[in-house]
Amino acid sequence: MQVGETGRGDARVDPQTPPPVVRLRGVAKRYGRVEALRHVDLDVRPGVTGLLGPNGAGKSTLIKLLLGLLRRDAGSGEVLGRPLGAADRELRGLIGYVPEEDCVLPLLSGVQAVAFAGELCGLGRLESLRRAHEVLDFCGIEDERYRPAESYSRGMRQKLKLAQAIVHDPRLLVLDEPTSGLDPVERTVTLRRLRALADGAGMHVLLSTHVLPDVQQVCDRIAVLAAGEVRLEGSVEELCRPARPETVAATDGDAAPLVAALVAAGLDASLRSADRLVVAGAGADVSAALFEHATRCGLRIRALRPGRSSIEEVFLRAVAEPHAEDAS
Amino acid sequence: MSDAALGYRHWEGARTGRVARAVAIARVGVAVAWRSVWLRRIVYTAWFPLLWWGAGFLAFESLDVVDGLVVGGSDAARSFFEEITSTLRDGRPLPADPDSARHLVWSFLTLQFFSSTQTFFLFLIVGQVAPPLVSRDLATRAHLLYFSRPVDRVQYVCGKMATIGVYVVAVTTLPSLGLYVVALLAASDAGALVATWDIPLRIVASSLLLVIPMSALALAMSAATRRPRFAQAGWFALWIGGWMCYGAARAGEIAGEGADGGSAAHLLSFFHTLRRAQSSVFGLPEGPSGAAFALLAALTVASLAYVVHRVHAPVRE
């Protein structure tokens, strides 16, 4: 299948939609008898995309394919408008990669390690040093930059890897578990940095992670990979939206009488927990009915929001789906 | 101020070429290795033999060659010269032509500098520099740092070989060329340059002969393990073991019928194989050298193929 011919219903070309940063069609990769990727169709749109999947789902293989470190067995694709598998070295110059492993070169200070990464990407010696200081400032590594990198804590190493990945100002940033080992404050700051790179610098970010709250916090879109295939792909907003509109309400007491009153009034309501209920539908009429019946039941509404699935629910649903071939 | 408040600035600029990336790898490798106190001590010590062999050049240039015999000069100079060239002359006179005699003596002294002292230092220096070059990258998975960037395996291996090459050049090529310049100054004769113009080229060729197989073999040992100490032990074992095998084989030959230059015992030892090839490069063959060159070429090709395979294997996992 050629790039551009979509095999997926949701990948129709919309003239208003910017072209995907990564477009894969029918990509497959085997390691001996093991199918790491089977016919992967994936569009990574501009912004921050989360790549989710359980261990062994094929995320690392997919990343290595994008970087041109592995050859695909089948399929085609484009990364940043360049055909996958052609001019890999040139393409790697446009991608920044934060591996999960530490990859620390011993005996180099933080600034030397980042400058070296810049030189490997083709920056001149002095320019890479200047740029290293610039990105270390951005990543929040202050005087520690003069210390040997192997003495860094886990959190510092994560920052160092991010600095090494962006020293050459890549167009696409690929991160493998960038928040693992970070304390909550550092995690939040790191995610904000990623958001700043996407929003302020226009960098496209592909974030592979197991930490689902990170995804909810920073990603515009997600793709769920399981058993070597893309199970789900779309915007976080879209995927977390329930199949039918619903309203979730929290009360200051037992919500059961309120549910009964709403059902009696012809609304589709159900109890989610002792003080929480879900009502089918959304909008002013549902809200008004809720407040009216709550008052009658002597309850107060503490919170009211449109119903949406958590990213965990979306992920678990996607991973639990049977394989397409198995299902057929 | 939040961490991201400093903002991110884009970078635009011309990118360097392929060679510059290999040079960057080599430069960082040299700088990291130079932090070893032991390495610095060995490198400084490796320049001391220059005094001995320099004195040899000066002694020769203070003497006259008449009909292949050295005459004139002080007794001390003559006796020193005869001592350090005893294996060259072996009781025989030098060529009658003074220019040919000068070329022969200079080549011999340079070869001796290369193979009798500097190769020993190289054995120690390469044993210090090479073992961590690839093994540490494999252990820390730093190979991803290289190969996720626009660097290919050829640039990586060239950069690592150049790291070793810099040290080899520092203790062989540069002092050898220095010796040559000292000898030219001591000769204070324009004819000396005409008669010996090829010696610098032979020095460069001999240096390459050391750098390429030695660094390829040392890198292969480094790539074979994730522990630099094991690679270091392997390197020293190769040299010492080869030397012992060579000694045993030569002893056997001498105890038997007596060996001449046609013996293949030198192929058992990396040092003696290098020595045989180098003597040929300096025009002072110690016997047939084809097998030595072939062995060095085969070792180089096999070692490099192994290194290239090993450094890419973890990426394919």
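Predicted model: local features only at pLDDT ≥ 70, side-chain atom pairs only at ≥ 80, totals over all residues.
Local features need pLDDT of at least 70, side-chain atom pairs count only at pLDDT 80 or more, and totals for chains, interfaces and linings use all residues. Residues are numbered from 1 along each chain as written, chains are lettered from A in the order written, and side-chain values use heavy atoms, without hydrogens and water.

In chain A, an open antiparallel sheet holds 4 strands in the order β2-β1-β4-β5 (strands are DSSP runs of E, at least two residues, and helices runs of H or I, at least four; two strands pair if DSSP finds at least two bridges between them). Strands β2 (34–44) and β5 (82–83) of chain A are at the edges with a single partner each, so one side of each has no neighbour in the sheet. Helix α1 (residues 59–66) of chain A packs on this sheet and touches β1 (22–31), β2 and β4 of chain A (contact means heavy atoms within 4.5 Å).

A:Lys59 lies in helix α1 of chain A. A:Lys59 is buried (under 20% relative accessible area, 1.4 Å probe, protein chains only). A:Lys59 has no salt bridge (a side-chain nitrogen of Lys or Arg within 4 Å of a carboxyl oxygen of Asp or Glu); the nearest side chain of opposite charge, A:Glu177, is 5.3 Å away.

Across the interface of chain A and chain B there are 4 salt bridges. A:Arg89 and B:Asp152 form a salt bridge at 3.7 Å, N to O. The contact takes 48 residues from chain A and 40 residues from chain B.

Terms used. Axes fitted to C-alpha atoms, helices over the stretch in contact; angles between N-to-C directions. Buried < 20%, exposed > 50% of the residue type's maximum accessible area, 1.4 Å probe, protein only. Lys, Arg positive; Asp, Glu negative; His and termini not counted.
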